[in-house]
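I opened this entry to look up a few side chains and what surrounds them. My notes follow in the order I took them.

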Amino acid sequence: SCQVGAANTFLQNNQNGYLFNPTKEAIKQNINKILKCSDEQLIKMGETSHQLSKQISPITWRKKLIDLL
């Protein structure tokens, strides 16, 4: 959903998930998209998410905070 605060950091639309407005119909459509994905597509999504998660660590977070000062 586009309402999740970390979506800009951890979501690449159509790469490791889907960006959408959180309406009942949109949620239903996006769950159906995921259910239609092959195992290979889901594994690739997971790998992409794992790579994106490496961007944030205590060290990178500290650097961002220091850079703000």
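I began with a side-chain contact: a polar atom of the Asn-16 side chain lies 2.7 Å from the backbone nitrogen of Gln-12. The model is predicted, and I read the distances below as computed from it.

The backbone oxygen of Phe-10 is 2.8 Å from a polar atom of the Asn-16 side chain. I placed Asn-16 in the loop between helix H1 (7–10) and H2.

Is Asn-16 buried or exposed? I found a relative accessible area of 11% for Asn-16, which is under the 20% cut-off, so Asn-16 counts as buried. Leaving out residues up to four places away in sequence, I listed the residues that Asn-16 touches: Phe-10, Leu-11, Met-45, Thr-48, Ser-49 and Leu-52.

Next I looked up charge pairs. I found one salt bridge in the structure. Lys-63 forms a salt bridge with Asp-67, and their closest N and O atoms are 3.0 Å apart. I located both Lys-63 and Asp-67 in helix H4 (residues 58–68), where they sit four residues apart, about one turn of the helix. I noted Asp-67 as exposed because its relative accessibility is 53%, over the 50% cut-off.

Last, I checked the surface for nonpolar side chains. Ile-27, Ile-31 and Leu-35 make a nonpolar surface patch of about 290 Å². I placed Ile-27 in helix H2 (residues 24–36).

Key
Residues numbered from 1 in each chain as written. Predicted model: local features only at pLDDT ≥ 70, side-chain atom pairs only at ≥ 80, totals over all residues. Heavy atoms only, no water. Patch = residues over 30% accessible without salt bridge, like charges linked within 9 Å, V, L, I, M, F, W, Y side chains within 5 Å. Areas by Shrake-Rupley, 256 points an atom, 1.4 Å probe, with all protein chains shown as cover. Salt bridge = Lys/Arg side-chain N within 4 Å of Asp/Glu carboxyl O. Helix = DSSP H or I, 4+ residues; strand = E, 2+ residues; numbered from the N terminus. Buried < 20%, exposed > 50% of the residue type's maximum accessible area, 1.4 Å probe, protein only. Polar contact = N/O pair within 3.5 Å; in protein donor to acceptor, adjacent residues only side chain to side chain. Contact = heavy atoms within 4.5 Å.
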